[in-house]
Amino acid sequence: MAAVDSFQFLYREMSRSCNPYFQALALVGTLYTARRVVILLRDCCTLVRVHFLPRIIPSKKLTQRFGDWAVVYGAAEPVAKAYAEELARHGVSIIFVTQDPTSVREIAATLSQSYGVETVVILADFSLNQAASNSIKEAMRGKDIGFLVNCVESVDFPQSLIEMPEQSLLDLVNRNVAVATLMTRLVLPGMLERSRGAVVNISSGACSKPLPGRVTLTASTGYMDHFSRALHLEYSGKGIFIQSLTPFQIASSERQPSSSSSSIPGWFVPKPEVYAHHAVSTLGVSNRTTGYWPHTLQYGLMARIPEWIWVLGSRVLIS
């Protein structure tokens with residue numbers, strides 16, 4: 001048999017001719033692997049810097065860094081109440097702005113008794129336009145307002161857009177978008193005058209992916225997230241810290257128990273007070289975060305799921 005007919009000879013010749021292509025593919029694979037490793041290391045460093053180091057390394061008191069008073073809007077939500085309680089634990093006095101004072105008077109009295117801080121409850125009916133703004137301005141007069149906390153109102157159960165009553169839809173969008181924006185407009189001038197302060201907008205991880213049956217929730221949280229990021233670009237150079245908090249599932253408060261099994265506390269479903277403790281530690285560290293490191297892992301996983309797979313899965317779960 002001629003040498004040219006042997007398989008070994010043909011294989012050697014083909015390998016020699018394809019060797020540059022193999023080397024190029026190997027180089028591409030090496031670069032891609034190196035890039036993924038660098039991204040993974042960067043994400044791990046960010047996770048440690050945002051969620052662990054601030055809780056280990058001592059820092060100035062919140063009142064020294066930002067101010068003595070906080071304005072909390074949306075305190076009917078368990079996470080907002082827990083956030084206000086965590087601020088009070090650090091010695092921050094609280095102004096609650098609400099349309100339903102009966103839902104926050106109990107927590108206001110509890111904070112005053114437990115932590116020795118001042119609490120004020122402001123009834124603000126924003127359907128009266130500027131009249132509500134005047135009462136809020138009067139309550140803030142002469143106070144060192146260092147914090148504004150806006151909390152998006154959650155949706156109890158999946159409901160399509162056309163199933164929502166028109167007035168309920170208008171009220172929900174008004175509270176979650178218009179009023180939260182107005183609250184920021186009311187508080188910012190005093191913060192700019194003092195060149196310090198923090199605006200914390202608590203929305204939801206729902207802004208990361210669309211959810212059938214929760215159109216208004218994903219839209220409202222998406223607005224608050226982008227609103228916060230735009231404010232950060234506009235005012236971060238003026239001493240104002242703007243933060244967008246995008247938590248995922250949080251367990252029901254003990255004061256507001258829920259029969260839903262998804263609200264049972266767990267590692268990925270923290271109690272409101274546990275979440276608030278983690279979230280407050282990220283103040284001044286990250287302007288956009290979930291506020292709770294297991295939720296950050298959850299967010300990283302969701303970000304890598306193709307949207308069509310996410311939509312298909314969410315439809316199956318909701319149905």
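Helices (H or I, at least four residues) and strands (E, at least two) are DSSP runs, numbered from the N terminus. The structure described here is a predicted model, in which local features need pLDDT of at least 70, side-chain atom pairs count only at pLDDT 80 or more, and totals for chains, interfaces and linings use all residues. Residues are numbered from 1 along each chain as its sequence is written, and side-chain values use heavy atoms, with hydrogens and water left out. Ser 195 sits in the loop that joins helix H7 (166-194) to strand E5 (197-202).

**The sheet**

- Two strands count as paired if DSSP finds at least two bridges between them.
- Strands of a sheet pair through backbone hydrogen bonds, either parallel or antiparallel.
- Here 7 strands make an open sheet with parallel pairing, in the order E3-E2-E1-E4-E5-E6-E7.
- Strand E3 (119-123) and E7 are at the edges with a single partner strand each, so one side of each has no neighbour in the sheet.
- E5 and E6 are joined in the parallel sense by 6 bridges, and Ile 202 is placed opposite Leu 245 in E6.
- E1 and strand E2 (residues 93-98) pair in the parallel sense over 5 bridges, and Tyr 73 has Val 97 as its bridge partner in E2.

**Strand E1**

- Buried means under 20% relative accessible area, exposed over 50%, and partly exposed in between (1.4 Å probe, protein chains only).
- Strand E1 (residues 69-73) is largely enclosed by the rest of the structure, because 5 of its 5 residues are buried.
- In a regular strand the side chains alternate between the two faces of the sheet.
- In E1, Trp 69, Val 71 and Tyr 73 point one way, while Ala 70 and Val 72 point the other way.

- Helix H8 (residues 215-235) has 21 residues and spans 30 Å from its first C-alpha to its last.
- That is close to the expected 30 Å at 1.5 Å a residue, where the expected span is 1.5 Å times one less than the number of residues.
- The buried residues of H8 include Thr 216, Leu 217, Met 224, Phe 227 and Tyr 235.
- Strand E4 (145-151), H7, E5, strand E6 (240-245) and E7 are what the buried residues of H8 pack against.
- In helix H9 (residues 272-280), the buried residues are Pro 272, Tyr 275, Ala 276, His 278, Ala 279 and Val 280.
- The cover over these H9 residues includes helix H2 (53-56), H3, helix H4 (78-89), E6 and H10.

**Two single residues**

- Thr 63 belongs to helix H3 (residues 62-65) and counts as buried because its relative accessibility is 16%.
- Leaving out residues up to four places away in sequence, Thr 63 touches Asp 68, His 90, Gly 91, Val 92 and Arg 196, where contact means heavy atoms within 4.5 Å.
- Ser 195 counts as partly exposed because its relative accessibility is 46%.
- Ser 195 is a residue other than glycine with a positive phi, near 60°.

**The second largest pocket**

- On a 1 Å grid over the protein atoms alone, a pocket is an open set of points where a 1.4 Å probe fits, with protein on both sides within 12 Å along at least five of seven lines; lining residues have an atom within 4 Å of a point.
- The second largest pocket holds about 690 Å³ of space, a volume being the space filled by probe spheres set on the points, which are joined across faces, edges and corners.
- Its lining has 21 residues, with Asp 43, Thr 46, Thr 296, Tyr 299 and Gly 300 nearest the centre.
- Helix H1 (7-51), strand E7 (288-289) and helix H10 (293-303) each give two or more residues to this lining, and H1 gives the most, with 9.
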